[in-house]
Amino acid sequence: MTDKKIGKYTVKIIREKCIGAASCTAIAPGVFELDEEQIARIISQQGNDDETKLLAAQSCPTAAVIVVDNESGDQVWPIISK
Ligand code: SF4
């Protein structure tokens, strides 16, 4: 396994949860934008680095952004308590 992989995390938006607060777009403008309904959408998974994508997800007040690890398939954010 190489650790030089680009785009280790994939982000997803739960549209029903998004309130258009735009924190994600402020932190990772290369990945997120608001659509015509003021709901976030993904413009590119490669628009910002993984750390920035995670920070953007963590900034969402409604936890509408999910972060998944591409290799393990595990959800990285929001943290699921088991
Ligand atoms: S931070 Fe959350 S609520 Fe705000 S636009 Fe992004 S996904 Fe929507």
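Which of the 16 residues around the ligand come nearest? They are Cys18, Ala21, Cys24, Ala40 and Cys60, a residue being near a molecule if its C-beta atom, placed from the backbone, lies within 6 Å of it. By class, the shell around the ligand holds 12 nonpolar residues, four polar residues and no charged ones. Ala, Val, Leu, Ile, Met, Phe, Trp, Tyr, Cys and Pro count as nonpolar, Asp, Glu, Lys and Arg as charged, and the others, Gly among them, as polar.

The model is predicted: local features need pLDDT of at least 70 and side-chain atom pairs count only at pLDDT 80 or more, while totals for chains, interfaces and linings use all residues. Numbering runs from 1 along each chain as its sequence is written.

The protein chain has two helices and five strands, in the order β-α-β-β-α-β-β along the sequence. Helices (H or I, at least four residues) and strands (E, at least two) are DSSP runs, numbered from the N terminus.

| α2 | 50-59 |
| β4 | 65-69 |

The largest nonpolar core has 14 residues, of which Cys24, Phe32, Ala56, Ala57 and Val65 touch the most other members. Both α2 and β4 supply at least two residues of this core. Such a core is a set of buried Ala, Val, Leu, Ile, Met, Phe, Trp, Tyr and Cys residues joined through C-beta atoms within 7 Å; buried means that 20 or more other C-beta atoms lie within 10 Å of a residue's own, with C-beta atoms placed from the backbone. Of the 82 residues of the protein chain, 18% count as buried.

Note on methods. Buried ≥ 20, exposed ≤ 12 C-beta atoms within 10 Å, placed from the backbone.
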